[in-house]
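Dear colleague,

Please find below the structure that I am handing over to you.

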Amino acid sequence: VYLDNLPSAAMYEKSYMHRDRVTHCVVAQPTEFVLTASADGHLKFWKKMSRGVEFVKHYRAHLGAVADLAVSADGQRAVTVCESDCTMKFYDVEAFDMVHMVTLPFAPVAAVWCYARGSSEPLLAVAAKDAPEIRIFNAEGATEEPLAVLKVHAAPVAVLAYNEAARCVISGDVKGTLHYSSALPPFAAPDGLRFRFKMDTDLFELAKKKS
């Protein structure tokens, strides 16, 4: 809905510019913010207005390209991770302010908030380059030491997503294998799945095609 108001025609009246190729665009729907990141490591905050969007703030977030940009389900928090400088940075969306930064002992390639609205623990899942593990962090006073390390993949994890309704993290590796993990300790298989074994699904067909 918000992105429908961005110009997409051959000719336009307004230009929402980055200096380099835009790599990520996410919407914090509850707080009505749009965040964009680019290949030169820059992050921009935009506020949804009655007509279009209005530029709010600009950060030189990272020394290299933003590997991933994610906003929480409640629209209050954002995070960027960068593979080249091995950092993750946390932002207060409504205040459009950077509140914390952590230098990691690995190169992060994907991140996703994995807590439900109203939760007292803002958990974040992060995947590392060339590693099959998923690391879980608490954004409040986060350090380089994760709360937990999930070893559910046999190949490096490439993408992460969060299903708030099922309270689970969905992860995919470079070989096309998908896995479901609960977003609640001890981060095992989530409750409520309609299958018991992956053989009961088409997940292995996706893996065979490395999709």
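**Sheets, loops and side-chain pairs**

Strand 14 (residues 168–173) is joined to strand 15 by 5 bridges, and the two pair in the antiparallel sense. The model is a predicted one, so local features need pLDDT of at least 70 and side-chain atom pairs count only at pLDDT 80 or more, while totals for chains, interfaces and linings use all residues. Residues are numbered from 1 along each chain as its sequence is written, and side-chain values use heavy atoms, with hydrogens and water left out.

As for terms, strands are DSSP runs of E with at least two residues, numbered from the N terminus. Two strands pair if DSSP finds at least two bridges between them.

Cys168 is buried, at 3% relative accessibility, where buried means under 20% relative accessible area with a 1.4 Å probe and protein chains only.

A second open sheet has 4 strands in the order 5-6-7-8, again with antiparallel pairing. Strand 5 (68–71) and strand 8 (97–103) stand at the edges with a single partner strand each, so one side of each has no neighbour in the sheet. Neighbouring strands of this sheet are turned by 15 degrees against each other on average, direction ignored. Strand 6 (residues 77–82) and strand 7 (residues 87–92) run antiparallel and are joined by 6 bridges.

Cys82 has Thr87 as its bridge partner in strand 7. Cys82 counts as buried, because its relative accessibility is 0%. The count of disulfides, that is, pairs of cysteine sulfur atoms within 2.5 Å, comes to 0. Cys82 is accordingly in no disulfide, and the nearest cysteine sulfur, that of Cys86, is 7.8 Å away.

Strand 3 (residues 42–48) and strand 4 (residues 53–60) pair over 7 bridges in the antiparallel sense. Phe45 stands opposite Lys57 in strand 4. The hairpin of these two strands has 4 residues between them, and Gly52 takes a positive phi near 75 degrees there. Phe45 is also linked by ring pairs to a cluster with Tyr59 and Tyr91.

Rings of Phe, Tyr and Trp (its six-membered ring) pair if their centres lie within 6.5 Å; planes under 30 degrees apart count as stacked, over 60 as edge-to-face and the rest as tilted. The count comes to 7 aromatic pairs. One of them is the edge-to-face pair of Trp113 and Tyr115, at 5.9 Å centre to centre with 85 degrees between the planes. Trp113 is buried at a relative accessible area of 3%, and Tyr115 is buried at 4% relative accessibility.

Finally, Thr31 lies in the loop between strand 1 (22–28) and strand 2 (33–38). Thr31 counts as buried because its relative accessibility is 6%. Leaving aside neighbours within four places in sequence, Thr31 is in contact (heavy atoms within 4.5 Å) with Lys47, Asp74, Gly75, Gln76, Val93 and Glu94.

Yours sincerely

Terms used
Buried < 20%, exposed > 50% of the residue type's maximum accessible area, 1.4 Å probe, protein only. Axes fitted to C-alpha atoms, helices over the stretch in contact; angles between N-to-C directions.
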